[in-house]
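The following report describes a structure from its computed geometry.

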Amino acid sequence: MGLEQFKNRNVGQQKYVKLELGQTPETPMGKFSQVLRRTFKPELIIGLWVTMREMINALFKGQMHTVKYPFEKLPISPRYRAIHEMLRLLESGHYRCIGCGLCEKICISNCITMDTRYDENQRKEVSEYTINFGRCIFCGYCAEVCPELAIVHGPRYENASEQRASFSLFEDMLTPIDKLNLQQEYDGFGAVSPNADENIKKTPLAY
Amino acid sequence: MSEVKTVENMVTITIDGKTYHAKEGEYILNAARANDVFIPAICYLTRCSPTLACRLCLVEADGKQVYACNAKVKEGMEITVDTPNILAERRAIMEVYDVNHPLQCGVCDKSGECELQNYTLELAVDSQTYAIPDTKREVKNWSSVLHYDAGLCIVCERCTTVCKDMIGDAAISTTKRGGESLDKAYKETMPKDAYAMWNKLQKSIIAPSNGTDFTDCSDCGECTAVCPVGALTGRDFVYTSNAWELERVPATCAHCSSGCQIYYEKKHTSVSDRSEKIYRVTNEWNYVSLCGAGRYGYDFENRVEGKDEAAFNAAVEALKKAETIRFNSVITNEEALMLQTLKEKLGVKLVNPDARAFQKFLASYSKAAGQSLYSYDFKQVMATDFVISVGAALRNDNPNARYAFNNVQKMNKGAGLYFHPVGDNLVPTFGKNIEVFTHKVGLEEAALYLVLDLFADKEKLPEDVKSYLESFKTTTTKTVKEKVMKDVTETVIDEETGEEKEVTKKVPEMVEKEVTVEKNGLVELLGKESDAFDAEFEKMMKKKERFSMIVGEDLYFHNRAENIAKLIALIEQTTPVRVAMIPPKTNSLGVALICDLDDEVTGYTVGYNENGDFRLSALGDGDLDMPAMNQQEGTLTNMHKRVTPTNAALEYKGYELNDLMKVLVGAPELTVDWTRSLPVEKGFQSAVFDDLPNGYFNDGTENRGYALNNIACDTEAFSVEPIDEKSLLEGEIVYRCNPQRQFNDFSNKAHEIFEAFGLYASPAKAEALGERVEIDFGDRSIVVDVIEDDRMEGDITSLADFKSEEDVYGLFGKSRYRKVTIRKV
């Protein structure tokens with residue numbers, strides 16, 4: 001199922017059929033005859049047939065209605081908060097993080113730590129960056145506060161691990177440089193609102 | 001501070017309808033700040049002259065627009081902080097400051113402590129109306145510690161102001177930026193002050209004032225402290241930490257006797273190393289100025305793994321059999337009291353050469369002056385308008401004494417006399433009215449007699465002193481040529497009428513004249529022309545009301561110290577000059593007051609941060625480790641006669657002196673429990689350590705610890721002796737003096753202090769000496785590198801004493817000057 005379908009699962013637009021349930025018998029004789037009728041009618045077989053029909057449809061006619069997790073996964077909302085990703089600038093391929101430390105500051109479970117330094121290009125370089133996922137509560141504050149949309153929540157929600165705490169380093173979360181073209185822009189919590197341009201006053205420029 | 005709180009010199013002013021009291025003659029801005037009223041201002045620094053660079057402090061006083069930093073309060077003045085016009089000016093000024101300011105707040109080292117950011121928000125600048133093409137501005141490293149990002153600079157000139165008015169180096173100044181000129185149309189459309197401010201801003205940028213890319217200064221880093229934006233930072237700190245991550249530990253700087261208020265700012269070392277580390281030192285820069293050692297010499301901590309029990313037991317044994325404990329003054333009052341207790345209980349000798357000399361000097365002074373301590377502190381010196389310095393290498397001995405000397409010249413239109421044998425070319429640049437006496441070594445008494453002669457009320461002087469002073473005066477007759485206007489009468493015939501007329505004209509004529517000139521032999525003895533000095537001195541004395549004298553270490557280590565101390569007492573009794581003394585090392589004053597010190601080291605010696613048979617050391621090289629000053633709590637007695645608290649910035653896992661005390665003689669639980677027991681009879685208070693404050697009030701009043709009581713004591717009748725010509729030294733002389741940012745082993749351990757141990761010499765002398773020399777003191781000699789100091793002048797060289805292992809104190813003995821033989825190696 002694609003994201004479009006997923007979003008358009010609006011049950012209200014489908015056709016409903018009202019079941020003919022008949023009258024509830026009132027006399028003792030009527031009740032008795034209903035019991036007899038229901039007992040000897042082959043509804044059990046009808047039910048089994050429905051199951052059989054659906055199985056055949058699913059297996060051989062490609063009309064499967066369930067998701068084959070873990071081989072198949074449902075798309076999740078961009079607002080879902082799973083394991084973090086570090087994004088790169090699309091043009092230069094340089095990582096977006098400027099080392100401002102706001103994520104470290106805002107983190108309510110104190111699981112982000114970073115070291116920065118003055119590099120050879122007179123820029124602030126992030127020399128170390130780590131998130132302790134054993135402590136992270138996936139609140140999304142880091143992604144919301146990030147001024148560069150550098151740290152975002154990705155869709156990787158399977159974070160069961162053999163150890164209680166697992167640390168992640170900057171490189172682990174960073175978009176691999178060879179997969180830069182596959183990097184998705186983040187739409188989730190903290191992303192720029194669609195009408196952001198209307199909300200800012202433009203600064204005059206003399207050049 | 002007490003005399004200004006009197007009712008007479010307070011005036012009543014009204015700010016925004018509310019009545020306040022302010023000191024007479026104070027700037028409106030300072031008066032408002034003292035009363036907790038907020039007036040926006042960026043460029044003003046409390047103890048420096050107003051620069052009028054930002055113009056934000058515009059207020060309306062009695063209906064006229066004035067700059068609050070530059071206008072003084074008057075009785076009954078009515079001040080309005082905000083008027084519609086002023087608000088428009090301020091908003092335009094902040095918009096201008098934001099023009100082309102790089103939007104790199106995310107990485108900027110100011111990290112939210114930015115005044116530009118604060119005022120932009122305060123004045124609600126949410127849009128920009130002005131624009132100008134940007135100029136390329138380079139990032140530069142001015143020195144081994146200073147980092148300047150011109151792009152972020154808003155040219156508020158606070159750095160240049162503090163460097164000139166407080167520090168005295170004047171190492172940086174505004175220079176041409178080469179920016180485009182403003183669009184003419186702005187002149188009509190913009191508020192007036194905002195336009196003027198922008199016009200100036202667009203033309204200037206900060207650069208080293210010597211025209212090179214590097215500053216020639218003492219690397220105090222005060223410019224980085226006052227910078228309101230992230231333009232000026234310490235090189236080592238750039239991009240290493242955000243301000244909010246750092247935990248501030250209020251403390252007292254432990255390098256010199258100034259005992260400045262500082263904050264150690266610490267956080268974990270890195271992602272993988274969670275042990276804490278000090279990242280930088282900051283200060284309340286409006287009220288206190290640090291030196292390079294205080295600001296950059298912070299990482300001298302002694303990291304130990306844990307308690308070394310074997311070493312501890314050895315230390316207990318060593319102290320039990322010790323005959324002498326040798327220590328220096330980088331020690332808290334509490335520790336000094338512990339050592340004194342050991343002396344009382346175990347009978348050990350306490351030897352500390354710097355504090356001993358000062359203790360003797362202070363004792364001689366108190367006996368003559370009738371008070372336990374000197375009269376002035378250095379805050380009071382700063383408030384005077386005539387300052388004299390005797391026996392202190394002002395540039396090297398104590399930064400805050402030098403700042404006070406300089407500040408008097410700059411802020412109080414002051415004058416100064418500087419007596420010192422070692423030539424210095426920085427001191428004369430502090431002001432126009434400074435006379436520098438580079439006298440011969442040993443003539444400090446003559447300097448004091450000259451002060452007596454110049455300032456004393458002759459009626460009060462004892463007869464013998466009066467006649468002694470007179471004996472230096474000689475009168476000679478001198479022929480001087482003088483221009484005299486002479487009346488010449490001529491008879492002139494009027495051309496039109498033909499009448500004869502008598503016309504009187506004035507014609508200049510040179511006349512030789514005999515004048516009697518009084519020559520002062522003292523001035524000549526100290527190496528200056530008597531006539532020239534007299535004329536100069538008369539100029540210096542104009543409009544001077546308050547006089548102070550700074551007295552330094554040379555006098556304590558003088559073979560005539562006792563007579564000198566008496567002379568100083570006599571100066572205080574007979575002249576309006578008040579004296580402030582510079583204790584030689586960090587806590588020399590505290591040690592001198594608390595401990596009974598001995599002169600000679602005998603027998604088995606335990607050294608505390610000093611040489612000895614058994615060494616307790618905070619330097620990490622001793623037999624038992626001790627906590628360094630940034631790892632322990634306690635109090636220090638500084639030269640402002642104040643007992644100030646210091647706190648532990650970093651964890652210390654080993655044993656401290658109090659643990660030894662517990663085993664040896666019994667002691668309270670904590671080191672700071674001793675604070676209560678400091679000797680009240682010496683001027684200390686029985687105060688609880690945790691109750692001691694460490695800060696400043698808004699009006700600049702120091703609220704740190706407590707002031708020592710200056711206890712009146714019995715005076716003895718005393719007489720001063722004449723100058724002892726025998727103490728005069730001539731020939732090859734070495735002076736015991738540290739380079740500017742070095743004070744002790746601890747400053748030397750810090751990684752941002754680069755001044756090396758060696759023999760400092762003026763450029764000419766350094767060239768003559770070569771690279772490495774052997775200095776022969778007679779009984780011993782030392783081989784050292786020669787280091788050029790371009791601020792020094794003359795032939796006297798300075799040997800640093802900050803390395804205790806070199807035992808420079810031992811080499812020099814009881815004097816700061818020694819006649820030596822220097823050989824090239």
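## Exposure, contacts and domains

With 7 C-beta neighbours inside 10 Å, Glu198(A) counts as exposed, where a residue is called exposed if 12 or fewer other C-beta atoms lie within 10 Å of its own, buried if 20 or more do, and partly exposed in between, with C-beta atoms placed from the backbone. Glu198(A) belongs to helix H7 (residues 196-199) of chain A; helices (H or I, at least four residues) and strands (E, at least two) are DSSP runs numbered from the N terminus. Between Glu198(A) and Asn159(A) there are 39 residues in sequence and 39 Å in space, C-alpha to C-alpha.

This is a predicted model, in which local features need pLDDT of at least 70 and side-chain atom pairs count only at pLDDT 80 or more, while totals for chains, interfaces and linings use all residues. Residues are numbered from 1 along each chain as its sequence is written, and chains are lettered from A and ligands numbered from 1 in the order in which they are written.

For chain B the assignment gives domain 1 (1-82), domain 2 (87-245), domain 3 (310-361 + 587-707), domain 4 (372-581) and domain 5 (729-824). The C-alpha centres of domain 4 and domain 5 of chain B are separated by 32 Å, and 17 residues of domain 4 are in contact with 19 residues of domain 5, contact being defined as C-beta atoms, placed from the backbone, within 7 Å.

**Nonpolar cores.** A nonpolar core is a set of buried Ala, Val, Leu, Ile, Met, Phe, Trp, Tyr and Cys residues joined through C-beta atoms within 7 Å. In the largest core, which has 237 residues, Ile28(B), Ala41(B), Cys57(B) and Ala68(B) touch the most other members. Leaving aside neighbours within four places in sequence, Cys57(B) is in contact with residues including Leu29(B), Ile39(B), Tyr44(B) and Tyr67(B). Apart from this core lies another, of 24 residues, among them Tyr95(A), Cys103(A), Ile112(A) and Val152(A).

Helix H2 (residues 84-98) of chain B has 15 residues and reaches 21 Å from its first C-alpha to its last, close to the 21 Å expected at 1.5 Å a residue, the expected span being 1.5 Å times one less than the number of residues. Among the buried residues of H2(B) are Ile86(B), Glu89(B), Arg90(B) and Tyr97(B), and the buried residues of this helix pack against strand S3 (58-61), strand S4 (64-67), helix H3 (115-122) and helix H6 (192-203) of chain B.

In helix H22 (residues 657-664) of chain B, Leu657(B), Leu660(B) and Met661(B) are buried. Seen down the axis of H22(B), these buried residues fall within an arc of 100 degrees, so they line one face of the helix; the arc is that of the directions from the helix axis to the C-beta atoms. They pack against helix H9 (309-321) and helix H10 (333-346) of chain B.

**Backbone geometry.** Most residues other than glycine have a negative phi, and most peptide bonds are trans. The peptide bond from Tyr69(A) to Pro70(A) is cis, with omega near 5 degrees, and Pro70(A) lies in the loop between helix H3 (43-60) and strand S1 (84-86) of chain A.

| Residue | Phi |
|---|---|
| Phe138(A) | near 50 degrees |
| Asp62(B) | about 50 degrees |
| Asn100(B) | near 60 degrees |
| Gly666(B) | about 85 degrees |

Phe138(A) lies in the loop between strand S3 (124-132) and helix H5 (141-145) of chain A, and Asp62(B) in the loop between S3 and S4 of chain B.

Technical notes. Contact = placed C-beta atoms within 7 Å. Domains from an automatic or database assignment.
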